[in-house]
Amino acid sequence: MPNPDQGGAAALSAAPTRREIHEARLRRRSGAIAAGSTLLVIGAIVLFVPMAPGWEAVRRSFFNAEVFRKTFPGLLEAFLVDVAIFLWCAPAIALLGLVIALCRDVRAPALFPLRLFGALYTDVFRGLPVVLVVYLIGFGVPGLGLPRPWNSPYIWGSLALILVYAAYVAEVIRSGIDSIHVSQRSAAASLGLSEADTMRYVVLPQAIRNVAPANMNLFIALQKDVALLSFIGPVEIFRQAGVYKSLLANFTPYVGAALIFLAITIPATRYADYLLHRQRRRQS
Amino acid sequence: MAKLVLQGVRKRFGQNLVLDGIDLTVSQGEMVCLIGASGSGKSTLLRCINLLEPIDDGTIHLDGVDISEPGYDPQAVRTRIGIVFQSFNLFPHMTAAQNVMLAPRRVLGRRPEEMAGPVEALFDRFGLKHRMGHYPDQLSGGQQQRVAIIRALAMSPEIMLFDEITSALDPELVGEVLDVLRQLRAEGMTMVLATHEMGFARELADTVCFLDGGRILERAPPGTLFTQPREERTRAFLSRLL
Amino acid sequence: MNKTFSATACLLLMTAPAALAGAHGDCAAGKTLEDGVLTVATGNPAYYPWVLNDAPESGEGFEAAVAYAIAAEMGFEGDAVRWVRTSFDEAIQPGAKNFDFNLQQYSITPEREQMVDFSLPYYTSAMAVLTTQAVIDAGAQPTVESLKGLVWGADANTTAVPMLAEIVQPERDPLLYGDNADVTAAMQAGQIDAALFDLPTALYLSAVVVEGGAILGQFPANRSENPDQFGLLMEEGNPLRDCVDAAITALTESGRLAEIEAEWLQQATGVPVIE
């Protein structure tokens, strides 16, 4: 026999309030509207784009299933080159970016040249198109007469990426350092910590955590810019797609390459957004 | 013997003269309370004693040594004079225990294993042993402020400075922090406090100084200053509070 | 008498091309982008010896001369030929083209023919190995065996890429570039030992562009597998194609095409043949 008290309590917690019912109805309604309008837009695209007079030519040129099948495995393999370049550039960028950021933050007058260097460095490398730096360093430095393997475009092209991206990362880290309230430095100083220890144990850990999402976005951009190394020789995915394009007079390989990039960058971008969102919530 | 002696201390921020000739003597084991309106210079005075701000004129002697001389190593002074701030200023990325152990480890070169016992004892003494592994944002304001006090005490300072340490707390949390101060007082710590807690100053202070416009306008034992203020301005200030 | 003869001859000479033009002009009538105008595309820039001084209007350079000869065959006077510039990608992109035909050393391949149309070939190219004297001094030989050990480069948009993979099969992955200038820059920087080009381009680059440049050898033009033949590129289904092919056939049969080749393309004597 059920206990009437218990039943009452259960009913109280289970029965939705009038407000909950109202809100649930609103949610269902807006969900239906969103789904409906999305379907409408997709339907319009599917229906009307193929009606364009050039659609058949575009489809053959960009969305050619046969070409896609033939070239996709080769593109995937070439993408491994992109991944490898990214993997050895990323730690170097993080390290150099940190060093440049610290250069810009030194306060001792004797180290003023370091500050000047840091400022100049970030101005110059943020002011240049990446592809230009890749060209100048990728062809220019080996042109000085370096022997193999030290003239490899992989080395100097990577260095170009590292130099440019370190400038951006340095600025991001510096903004992170600036965002740490002066009272944190005061508290550290009042405990007798040196400037260096204050930076290392108090300011930097907080600063780097604060700017992690921004840096994540930079590294997503880096993943895409690795393709710029193709200009100086390495056959990574963009170049491989270009070769296929030239051989087959068909742009489908580029679409394949785009899909591979998106498969990496979309989840990464979502993750960065999630980090940013979580951080905003924590700070508020 | 005078532990700390300030003579003619002046401090300027731009055109603004914040401290205008401060003379103050603090004896070993003495508790001095600084009272006065916001902007009267209490906080600045504390920051100057700790050498967080350089002074423009005058001298500060600690055990007879002039620590205000330009070029004097501020780090050496700061390990001997602790300060606790109104806004706690705990390091948010470290647990309470890590906050406390950072400076002894980096400044005094203590090894974590030799610190573990004393630090735990310190937390225990102020009723926070069970919070050692918590991060600041997991602690109440009162607990955070107590951790900040423990952090300063872990350096075994000779003098403690407290800068309105209860002003940022919800009223029901003020008591637990004042209890810590009572405990320190009982142990004979030399302390200088900037405070708005008049009842507390009256109860515990040896000396109360009323600051106004960057000067110590009146200095007396609490019994005298609170009941028979000599200066008109002191009287006006106190009457506004009551 | 003499006078009359020369007058008649003059008249004949003047009317004959006109009559000829009339005949062929009928073929092209209404099939060009713009009536009475033949729009021809070349590269940007157009390279020596295909076009001299990047000025195709002058008719100087092999492809410029071929274009004017074909135009004449089809009944277009010199001033009825208009030049435009395109990249390779623009040439193959879907949609309306801004040229009637495009010539910039496009190799005819069955794969490309699925997407665009090619004319009959106007030139069959030997492929040559461009390198530097330093590499030859270091022991490179015009044998496939020796070529395998070199670090190779090529223009990614050319049929040199599959040729490398099929004939040379280098031990290390070749480095590929976007245009000739980048290939030579990499060679100058010592990043590649050798690069594969059509012979006329290779001769020009070795003589003028690459410091210490040299030709190591050539894969002859009449090789049985994958001969590299250049054709005029047209939009797929371009109705002009038959007229163009007729013109090229006429030029080939009359020996005019060979004359033009002899005039503008250096005879590669003394370049060793790679077996």
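These exercises walk through a predicted model with chains A, B and C, each with a worked solution.

Before you start, residues are numbered from 1 along each chain as its sequence is written, while chains are lettered from A and ligands numbered from 1 in the order in which they are written. Since this is a predicted model, local features need pLDDT of at least 70 and side-chain atom pairs count only at pLDDT 80 or more, but totals for chains, interfaces and linings use all residues.

**Exercise 1: confidence**

Work out which part of chain C has pLDDT under 50.

Step 1. Know the score: pLDDT is the predictor's confidence in each residue, from 0 to 100.

Step 2. Look at chain C as a whole: its mean pLDDT is 85, and 88% of its residues reach 70 or more.

Step 3. Now zoom in on residues 1-24 of chain C, where pLDDT stays under 50. For this stretch the model has six contacts beyond four places in sequence; two residues are in contact if their C-beta atoms, placed from the backbone, lie within 7 Å.

Step 4. For the model, note ipTM 0.89 and pTM 0.81.

**Exercise 2: who touches whom**

Find which pair of chains shares the most contacts.

Step 1. Two pairs of chains are in contact, and chains A and C share the most contacts. Here 26 residues of chain C meet 24 residues of chain A.

Step 2. See what chain C brings to chain A. H3 (88-92), H4 (110-113), H7 (160-168) and H8 (180-188), all helices, plus strand E7 (175-177) of chain C, each supply at least two residues. Helices (H or I, at least four residues) and strands (E, at least two) are DSSP runs, numbered from the N terminus. H8(C) has the largest share, four residues.

Step 3. Sort that side of chain C by class: 14 nonpolar, eight polar and four charged residues. Ala, Val, Leu, Ile, Met, Phe, Trp, Tyr, Cys and Pro count as nonpolar, Asp, Glu, Lys and Arg as charged, and the others, Gly among them, as polar.

Step 4. Chain B also touches chain A, with 17 residues from chain B and 16 residues from chain A. Helix H2 (74-78) and H3 of chain B each supply at least two residues of chain B's side, and H3(B) gives the most, with four residues. That side of chain B has nine nonpolar, six polar and two charged residues.

Step 5. Check chains B and C: they do not touch, and their nearest C-alpha atoms are 48 Å apart.

**Exercise 3: the sheet in chain B**

Trace the strand order of the open sheet in chain B and find its edges.

Step 1. Six strands line up as E6-E7-E8-E3-E9-E10 (chain B), with mixed pairing. Two strands pair if DSSP finds at least two bridges between them.

Step 2. The edges are E6 (81-84) and E10 (215-220) of chain B, since each pairs on one side only.

Step 3. From one strand to the next, the twist averages 20°. Axes are lines fitted to C-alpha atoms, for helices over the stretch in contact, and angles run from 0 to 180 degrees between N-to-C directions.

Step 4. Follow the bridges. E6(B) pairs with strand E7 (residues 159-163) of chain B in the parallel sense, over four bridges. In E7(B), B:Ile159 is the partner of B:Ile81, and B:Leu161 is the partner of B:Ile83. E7(B) also runs parallel to strand E8 (residues 190-194) of chain B, joined by five bridges, with B:Thr190 in E8(B) as the partner of B:Ile159.
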